[in-house]
Structures are given as C-alpha cells and as structure tokens.
Amino acid sequence: MRFVVEADGGSRGNPGPAGYGAVVKDADGQVLAETAEAIGTATNNVAEYRGLIAGLSSALALGGEGASIEVRMDSKLVIEQMAGRWKIKNEGLRPLALEAGGIARRLRVTWTWIPRERNKHADRLANEAMDAAAKGLKWESTGVAAPLAELVRPAAEPEPSGRVAYEAAAPEPAFEVESVPEPAASLAAPTAPAPGPSVASAAVRRERGEGTGWMARPTRVATSFLLLRHGETPLSVEKRFSGVGDPSLTSRGLAQAEAAALRLAREPYAIDVIVSSPLARARQTAEAVAARTGVPVRVERDLREADFGAWEGHTFTEIQRDWPAELTAWLGDPSIAPPGGESFTEAGRRVEHARERIVAEHEGKTVLVVSHVTPIKLLLRFALMAPPESLYRMHLDVACLSAIDYYADGPAVVRALNDTAHLG
C-alpha cells in the first residue's frame, strides 16, 4: 500500500508561537491519520521539520517498515535538505533533520515539493493547533475516517528495507574498549551482524499486540528495556580502553546524546523510567533524555562499565605489546580479569542483579537504560542465552540503541541491536 504524507509548520512571529500539522492519506486521497501540535516558541523551519517528523512517524505506524511513502511539503528548504540536494547550514535544524532522516531510512520515501495552495490540509491542522494553544487548549483531531488500529496491517511486517530514499553519512565507528575487542583471528574477517527490527518498530508492534511470528503472543505485558550507549568521549575517539575512569562527553558526544533524546522524546516511545550508570558519560547522556522527556534519572551503580584495571586508557595495540600473555588469557576466558581489574564473569553477575531489580520494580514499564558497551552486551547475551564468546561477536556504536522485552511468562526477546538511525 502506498501512502502520502502532507506536512507543514508555521510560526506567528518567526520565531513566535508555533505549531505543525501532518496528514497521512492513501493513494486515493482518503485521510488515514491526522496529527498536529503547538510547540511553543519556534521558527517556521523548526515547525516544518516537526511536522515532517510527526507525519513520517504516523506513516510508519500505519505501514510498518519498508512502506512506500510520498512526502509532500510546500517548504522547499525541508524537501531539498531531506533529498540531500541542499546542505543543512543551520545547526539548530540538524538534530531535527537527523531524526527525520532516521525514520525515512526505514521507509521508501520520495520527496515532492508542492505549492502552498496544495498543502492546505496540513496548513489548516497547524493553524488549528496554534489557535487551540492560544486558548489554553490542546488540539484534537475530528477528521480521521477510521481508527488507527483498524488501518494497521495485521499481517507480519516486512523486513526493514534499508537506506532506500537517500543515504546519509553513517556515524564513525568508535572503538573504546568499552567496545570489547575481538580476538585477532576474527579481526581479519569480521562477520556482519544480521539485520533486525528497529527499536521503534518493536514499540509499534507491542502497541498493536502482534506476536513475533516465531512464538505465541505473550499473555502479559512486557517490561521493555531500551538500551542506550553513551555518546562519544575523548577515549573513544582515540580508541582507548575506557572502564571505570570518568571522562566526560566531547562536544560531538553531547550532540549525539541530544539526537538520541529528540528521538526518544517522541512517538512511538513512551519512557516511564530512566536508569543510568553512575559514570559521567552515561549520566550526561541520560540527562539529555531526561530534559526532553521530563522523566527523572535514577542511578544504578551496577550498570557501570567493567573495570579494566591497569589497561585503563591504553590502546589495544599497547596492551598487546606490554601485556601479551595477560591479553591472550583475557580474550580466551571470561573469568580472567585484566591486571587489577574485573572479569566479564564478575561484571555479568552485578549486571544480572541490576536487571532483576529493575524488572521487579518496574514490571510492565518501558525503561531507558543508559550504560556502556560491556553491560549492554551482557544484557543482550543473557537475553539470547548465548555463550560467553558472543561478547566478542557484537559491535555497539556510541549513542546506539538496542532493545529487549522481558516477559514474566516467557523468554526475553531481543528487539533491536546497535540502532543508530537517530545519528543520521
């Protein structure tokens, strides 16, 4: 099924009181969904991007991964930037463009500029939202032809289609040894991870009550963990082991945290709890999401990174040179610790205890867990019931999202791994 998204945004003052509107239609022009919101004081361009994000999110909820979408807007700036023909010079628009691009890459999108007179529906919705806000009210839709749940396809969703509409630059890989190094033999021929569903599509499927296709539908609501790795630090830039040392985020790391926060603050995410490692880089990332969602941050000490002892701050090459025997033993046995440090077996015990506490305290909730490579990999390994060697077969980029659902009456289900759509 082909969908059309028409989106618009406006500001009464530029900047001034602003709002957006978006409508999703089928190929015959029937209205499937409408959305609009007043967003406080903002510029026209910010409001237009917010309208685009809302429209794409609605289309994704309706059509699922890989759906064919034509986006129509009367903003030449937004259309040309999203199509990749114009550069984004305004830094204030960049996080919004990254978020919109992340959603678009999960669909098959074409970008169409239309004259303003052909975008009257979305324009009307934006003005309705601003008018309602001026009266202290919240906009409510009255024009949707059928409930959203009736329009969502009940069949299994297609596999993600990849980067179809346009290809944005991928984030640079980070090799902190928060990123567990692979043994030398595997570095020569790395194995690409299999594609999996994105975090957002998992949330949509849970809302629909769909099963996975491989197991019966769970009889109880899942406790959902969204696992967010912190943003870039000086040690990750230099590819150094970074354990319980406490570097802060770089300016780029702060931007990555903000991009993740923008994504997580909107549909289809609905975060109930934020839990963070006590280390500064994780706390900074968690606070960025907290500022956008209004959910306070709770610190969980057992979610800290593994202690790399004498190897803290060293590169893998330096450790190979100065501790060759110790490194070989560490790579071959998860119960072996770095000199003066902590083994993966020891780290795994405390991470598992943290998981049990969080699930018990927040059953049925969506919990954002902001942590580091080792704890996140351990949670994924336990959920998959994978052997210890699997720790060396996963890669997590800075500021990536993974997701696990825990069912009281069934197994844990990994919904996503290393999702970086919000980073562009």
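## A mixed sheet and its helices

Strand E6 (residues 223–229) pairs with strand E10 in the antiparallel sense, over 6 bridges. Within this pairing, Thr223 stands opposite Tyr406 in E10. The structure described here is a predicted model.

| Helix | Residues | Strands touched | Angle with E6 |
|---|---|---|---|
| H9 | residues 251–264 | E6, E9 (366–371), E10 and E11 | about 155° |
| H13 | residues 344–361 | E6, E7 (273–276), E8, E9 and E10 | about 130° |

Strands of a sheet pair through backbone hydrogen bonds, and this pairing may be parallel or antiparallel. In the present case the sheet is open and consists of 6 strands in the order E8-E7-E9-E6-E10-E11, with mixed pairing. Its edge strands are E8 (297–299) and E11, each of which pairs on one side only. On average, neighbouring strands of this sheet are turned by 20° against each other, direction ignored.

E10 and E11 form a hairpin, with 6 residues between them. Across this pair, Ala403 stands opposite Ala416 in E11.

Is strand E11 mostly covered or mostly exposed? Strand E11 (residues 413–419) is mostly covered, as 5 of its 7 residues are buried.

Key
Residues numbered from 1 in each chain as written. Predicted model: local features only at pLDDT ≥ 70, side-chain atom pairs only at ≥ 80, totals over all residues. Heavy atoms only, no water. Buried < 20%, exposed > 50% of the residue type's maximum accessible area, 1.4 Å probe, protein only. Helix = DSSP H or I, 4+ residues; strand = E, 2+ residues; numbered from the N terminus. Pairing = 2+ DSSP bridges. Axes fitted to C-alpha atoms, helices over the stretch in contact; angles between N-to-C directions. Contact = heavy atoms within 4.5 Å.
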